[in-house]
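Q: I have this model open and want to talk it through. Can we start with what sits in the middle?

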Amino acid sequence: MPNPNHGFTAGPTGNSLLDRVQNAVKTAFDTFGDSVQRAINAAAAAALTQVWSGTVLNTHNDLRRISGDMDGKKGPRAVVVLGDTAYFDGGQGVYGWDPINTGGDNNTTIIVGLNGATKPGRWRKI
């Protein structure tokens, strides 16, 4: 029998794009169960094999393995992260590359990418 919560809980209904996507995914899980989870896993795996052209990552640790690029030539300008350590665990969001930011990694609004903590450039939650 499929898990009725599918590993995440839906937040309050809002009008943001992220809220609408989360609600659509929850509805799909409620309707189609585990087959949707398998499809999401396959899509996420395919996106990770094409990091430079893809814009969806599973976790913050995946985001730490890449650096962005404002021109989109050496890396993505923005990415969607599906969760902190698991899908829809509260850490999901859209991150944009800020090439001059030097803030510390706080695991929520600022993520240090592959360029490292000593060079400028951070992923900032939009």
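Q: Which residues make up the largest nonpolar core?
A: This is a predicted model, and its largest nonpolar core has nine residues. They are Leu 57, Leu 63, Ile 66, Val 79, Val 81, Tyr 95, Trp 97, Ile 111 and Trp 123.

Q: Which elements give two or more residues to this core?
A: Strand S2, residues 78–81, and strand S3 do. In general, nonpolar side chains in soluble globular proteins tend to be buried together.

Q: On S2, which residues are on the covered face and which on the uncovered one?
A: Val 79 and Val 81 form the covered face of S2, and those two valines are also among the core residues. Ala 78 and Val 80 form the uncovered face. Side chains in a regular strand alternate between the two faces of the sheet.

Q: Back to the tryptophans. How many aromatic pairs does the structure hold?
A: One. The ring centres of Trp 97 and Trp 123 are 5.1 Å apart and the planes are at 65 degrees; over 60 counts as edge-to-face, so that is what this pair is. The pair links distant parts of the chain, with Trp 97 in strand S3 and Trp 123 in strand S5, 26 residues apart.

Q: Are those two buried or exposed?
A: Trp 97 and Trp 123 are both buried. They also stand opposite each other, Trp 97 in S3 and Trp 123 in S5.

Q: OK, the sheet. What's the strand order?
A: Five strands form an open sheet in the order S1-S2-S3-S5-S4, with mixed pairing. S1 and S4 are the edge strands, each pairing on one side only.

Q: Which strands run parallel?
A: S1 (residues 56–57) and S2 do, joined by two bridges. Val 56 stands opposite Val 80 there.

Q: And what about S2 with S3?
A: S2 and S3 run antiparallel and are joined by four bridges.

Q: How many bridges between S3 and S5, then?
A: Four, in the antiparallel sense, with S5 covering residues 122–125. S5 is also joined to S4, residues 110–111, by two bridges, and that pair runs antiparallel. Ile 110 stands opposite Arg 124 in S5.

Q: Switching to Asp 98. Where does it lie?
A: Asp 98 lies in strand S3, which spans residues 93–98.

Q: Why does Asp 98 count as buried?
A: Because its relative accessible area is 15%, and buried means under 20%.

Q: What does the side chain of Asp 98 reach?
A: The backbone nitrogen of Asn 101, at 3.4 Å. Setting aside neighbours within four places in sequence, Asp 98 is in contact with Gly 121, Arg 122 and Arg 124.

Q: Last one, Val 112. Where is its place?
A: Val 112 is in the loop between S4 and S5. Val 112 is buried, with a relative accessible area of 12%.

Q: What does Val 112 touch?
A: Not counting residues up to four places away in sequence, Val 112 touches Arg 64, Gly 103, Gly 104, Asp 105, Ala 117 and Arg 122. Arg 122 is also in contact with Asp 98.

Q: And how are Val 112 and Asn 101 separated?
A: Their C-alpha atoms are separated by 9.6 Å, with the two residues 11 apart along the chain.

Notes:
Residues numbered from 1 in each chain as written. Predicted model: local features only at pLDDT ≥ 70, side-chain atom pairs only at ≥ 80, totals over all residues. Heavy atoms only, no water. Buried < 20%, exposed > 50% of the residue type's maximum accessible area, 1.4 Å probe, protein only. Polar contact = N/O pair within 3.5 Å; in protein donor to acceptor, adjacent residues only side chain to side chain. Contact = heavy atoms within 4.5 Å. Pairing = 2+ DSSP bridges. Core = buried A, V, L, I, M, F, W, Y, C linked by side-chain atoms within 4.5 Å. Phe/Tyr/Trp six-rings, centres within 6.5 Å; stacked < 30°, edge-to-face > 60°.
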